[in-house]
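The sequence and structure come next.

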Amino acid sequence: MTKNPKSSIKEYITSSFMLGTMRLGKWGCNMSSSQIEKFVEGCIENELVDFDHADIYGSYTTESDFGAVLKIRSDLRNQIRITTKCGIKMVSENRPKQKIKSYDLTKKHIKSSVENSLTALQTEYIDTLLLHRPDFLFDPYDIADTFIELEREGKVNHFGVSNFSTSQFDLLHGIFPLITHQVEISLLNRKSFEDGVLDQCQKYRIKPLAWSPMGGGVLLKKSNDQSIMKIQKQISLLCEKYNAGADQILLAWLRKHPTGIIPVLGTSKLSRIKSANDSLKINITHEDWYLLWQAASGKEIA
Ligand SMILES: NC(=O)c1ccc[n+]([C@@H]2O[C@H](COP(=O)([O-])OP(=O)(O)OC[C@H]3O[C@@H](n4cnc5c(N)ncnc54)[C@H](OP(=O)(O)O)[C@@H]3O)[C@@H](O)[C@H]2O)c1
């Protein structure tokens, strides 16, 4: 197994994109080991080295699918960074003791999740651990203590959260420094622009990770929904103006925000990663950003 090189926070926050693994396994295209291997190699060739996992993906199977590749290709481990998440307990045949869906951010659960993820991913360390959702019963001092132990044991290098409110983020960040906040951000979910999450990231100079940056694909697929069609119409006008694809316009829209949003791409296709890289040259104007906002919200701003 590859020893922990303690990748620095600096490397992590200079990534333009992350690759989300949620749809690679049982919850999506069910890639075989050799397909995952080729895909990871292709991502690395395209300078995409950050992979976003969660214990629950594929009903607790996708980390193992990915780990099976790292087992036979241990050379890949040092070329990538692994983020994974814990804290959601799902009803699954792979976790028979969990009778209902719940959130659990106790030390006991975080530590046992990390052990499971290390085993499944066939790695000695996790680059970044995210708390997947806020457990309403969370004790920030207990979590900070857990993070300190995991860091000291060399099992996790950095820590962040996902789907937290600004007050929940502040509560934990005040005790233990978090390196990122992963939230849903796209034209279909613009909440973080208004609820203070992005302001808070700017205040602490933390780059947010945007999950479902393409609205889960909805914004790119043919739709009969009037509100989606309206957004797509505006996107296609900008595609013409910037000589770009719809996916590229959506990424340029996210990148326009000064906080430095890192989209977590949910694709399983290397061609779309190339397209994402090419989108980095597109800089949409302030007014075009608002044209898209207006199309998505269905009204002119106040
Ligand atoms: N923290 C959280 O609570 C949370 C929740 C959900 C997701 N996530 C993370 O965020 C990642 C991304 O989420 P997501 O998968 O919903 O992201 P997404 O990028 O918004 O959607 C991905 C879907 O869009 C399709 N797609 C992408 N580009 C396309 C294009 N140009 N034309 C047509 N279809 C296209 C993909 O299909 P193809 O494979 O064919 O490209 C895939 O089905 C997940 O993998 C996971 O790591 C986190």
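## Buried side of α6

In this predicted model, helix α6 buries I143, T146, F147 and L150. Viewed down the helix axis, these buried residues fall within an arc of 100°, so they line one face of α6. An α-helix has 3.6 residues a turn, so residues three or four places apart point the same way.

The cover over the buried residues of α6 includes helix α5 (107-121), strand β7 (156-162) and helix α7 (166-173).

## Exposed side and ends

On the face turned away from the buried side, α6 carries the exposed residues Y141, I148 and R152.

Helix α6 runs over residues 140-152, which is 13 residues. After α6 comes G154, which has a positive phi, near 75°.

## The whole chain

The chain contains 13 helices and ten strands. Its radius of gyration is 19 Å, close to the 19 Å from the globule rule for 302 residues, so the chain is as compact as a globular protein of that length. The C-alpha trace spans about 50 × 45 × 40 Å along the principal axes.

Buried residues make up 41% of the 302 in the chain. Among contacts with a separation of 6 or more, 78% are between residues 24 or more positions apart.

Technical notes. Residues numbered from 1 in each chain as written. Predicted model: local features only at pLDDT ≥ 70, side-chain atom pairs only at ≥ 80, totals over all residues. Helix = DSSP H or I, 4+ residues; strand = E, 2+ residues; numbered from the N terminus. Expected span 1.5 Å × (residues − 1). Buried ≥ 20, exposed ≤ 12 C-beta atoms within 10 Å, placed from the backbone. Arc of directions from axis to C-beta. Contact = placed C-beta atoms within 7 Å. Rg over C-alpha atoms; globule rule 2.2 N^0.38 Å.
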